[in-house]
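These are my notes from an afternoon of looking things up. I began with one residue and then turned to what surrounds it.

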2 protein chains.
Amino acid sequence: MHVLIIGAGGMLGGKLARAVAAQGALGGRAVTRMTLADLAAPPLPADGPPARALALDIAAPGAPERLIEGRPDIIFHLAAVLSGESEADFGKGYRVNLDATRALLEAIRRMPDYRPRLVYASTLAVYGAPFPDPVPDDFHLAPSSSYGTAKAMAELLVNDHSRRGFLDGVSLRLPTICIRPGRPNRAASSFFSSILREPLAGQPAELPVGEDFRHYYASPRAATGFFLHAAGLDLSLLGTDRGLVMPGVSATVGEQIEALRRFAGQRAVDLIRRVRDPAVEAIVTTWAGRYAATRARALGFRAEAGFDEILRVYAEDDMPA
Amino acid sequence: MHVLIIGAGGMLGGKLARAVAAQGALGGRAVTRMTLADLAAPPLPADGPPARALALDIAAPGAPERLIEGRPDIIFHLAAVLSGESEADFGKGYRVNLDATRALLEAIRRMPDYRPRLVYASTLAVYGAPFPDPVPDDFHLAPSSSYGTAKAMAELLVNDHSRRGFLDGVSLRLPTICIRPGRPNRAASSFFSSILREPLAGQPAELPVGEDFRHYYASPRAATGFFLHAAGLDLSLLGTDRGLVMPGVSATVGEQIEALRRFAGQRAVDLIRRVRDPAVEAIVTTWAGRYAATRARALGFRAEAGFDEILRVYAEDDMPA
């Protein structure tokens, strides 16, 4: 079985590539070949099935045809322009997040006798405030960003192409990934990870919101697991709506901090500085804190049980020694 | 004020054009000029403001620019490839229902100092079974047709372009229009009108479903009124979700028939022949029978109170003498 990962140079795409290579199988079938694509050639896993790197811009003409010329059986599509850039560059956001995905679907549709599994990385940004608590699976798509809009549109296309039998697709709406390895960045969501990651490294971190702020999380390992699990599922159970909210840990910032205290002690917690930032608050308080994820849980998708587990996963997978 | 109606050659578009011409004003502002566009040049209203007909294919290159070159203040967009044809011709459906609408939005975005009101004709086909009863306004978009998918995607674009300030748009999800003037056709929904319209003309009609089948209706006059009302509303109240389920009459086929009996007597009812058609039943039973339409009602959109009124409206507006 040939596996294609689009966006394999990213944090999640890279973890997924290494996990597929390590498992050597997906959904009970052996992986015999891997193609890892991104803007720059992604690193190839040290072991596992034969793999090749493909450097291309998925929004360029002809890119979809190059991606699928080896007729991959499973396509993981994680390539995207993220929310800040989609908002700043309206044209680019739609070109990559909508048009390139649509061109990929069209290329698949035009290839004779070809109906691959497509696992599409989507986002909870397809939803918008005001929210019920928890947000049910049948809540309306009302994105409040160009990023969420393009992702919601691409999801609808994945649904329709699946219904028509052109491919067998599913869209995974991912929780906020936490603890994200690396450094703080300027995204409004950066503090969710940095208030844990930096103190664990003995570094200070700023908390821009109140401790009662609730959000929805999964670890990089859980997110990788969502993609692996989706590759082998019987998707016909989903009906026409193949957009799935992934399970996650709903927790307040205060609960995050208590888990940090249990894991690393008061000295780590003391490194968190409370610096309220109304600009960050204005953005993140438009995000929901809890999703039911009923369908995904029933299909066997699993996230962590709480932040104690998320911290343990970080220590095992990503924490610098 | 300049008013553009795209799809003015259709049944609803034509009624809307005549209503705008007759009123001579929209939302309290005088209409000084009208442009009526369709594939073939639409008939011009006999009276009212100066009007010109524009014959073009909205999916052709350059069509959006031609449509807006007169900088219309209000754009009613009713042009579409309907559900049967969108399902039969996958490419054409998306080209007209999605791409042409997107090209129109892009042309508006690119025109300097221009932010028109756009009233977009959408459909309840953006929803899909299984349904709660009634379907709430915040129910998920899960179309089960390529038509509904393209309309849902276009709605999402209208929302995002509105949020970004490129235009001031609203999408009206119309109930099944009943009683539709004219003749029965091969659409699965044809019988909703024909079981009333044909007996009123002394002609037999076939009823392919059971009398307990419930559906959701508005008259052509009510639908015209939705567009007129939407033209003058303060849409900023809607937030990011500018897709509105229009109010309608929820009625069973049995209730339709009882209204026919009250309106035209047993002799008319006797012209309805019960001929169950499993193919038609399979399609229409995937449609919902009742929508809450809470937001639209609160904004002052009004449909008929029941089928007695729908029959009276038909007699006044469309019934052949």
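Where in chain A is the place of Ala142(A)? I found Ala142(A) in the loop between strand S7 (117–123) and helix H5 (146–163) of chain A. I note that this is a predicted model.

Next I asked: is Ala142(A) buried or exposed? I looked up 23 other C-beta atoms within 10 Å of Ala142(A). The cut-off for buried is 20 or more, so Ala142(A) is buried.

Then I looked up its contacts. Leaving out residues up to four places away in sequence, Ala142(A) touches Tyr127(A) and Gly128(A), and also Thr240(B) and Asp241(B). I also checked Ala125(A), which lies 17 residues from Ala142(A) along the chain; their C-alpha atoms are separated by 8.6 Å.

The contacts in chain B sent me to the relation between the chains. I found that a rotation of 180°, with 0.0 Å of shift along its axis, superposes chain A on chain B with an RMSD of 0.0 Å. I wrote this down as the relation of a two-fold axis. In chain A, the C-alpha nearest the axis belongs to His140(A), at 1.9 Å. Of the interface residues of chain A, 100% are also interface residues in chain B, so the copies meet through the same surface.

Last, I went on to H5(A). I compared its span with expectation: at 1.5 Å a residue, its 18 residues should span 26 Å, and the end C-alpha atoms are 26 Å apart, which agrees. H5(A) is mostly covered, with 17 of its 18 residues buried. Just after H5(A), I noted that Gly165(A) takes a positive phi of about 85°.

How values were computed: Residues numbered from 1 in each chain as written. Chains lettered and ligands numbered in written order. Predicted model: local features only at pLDDT ≥ 70, side-chain atom pairs only at ≥ 80, totals over all residues. Helix = DSSP H or I, 4+ residues; strand = E, 2+ residues; numbered from the N terminus. Buried ≥ 20, exposed ≤ 12 C-beta atoms within 10 Å, placed from the backbone. Contact = placed C-beta atoms within 7 Å. Least-squares fit on C-alpha atoms with pLDDT ≥ 70 in both. Expected span 1.5 Å × (residues − 1).
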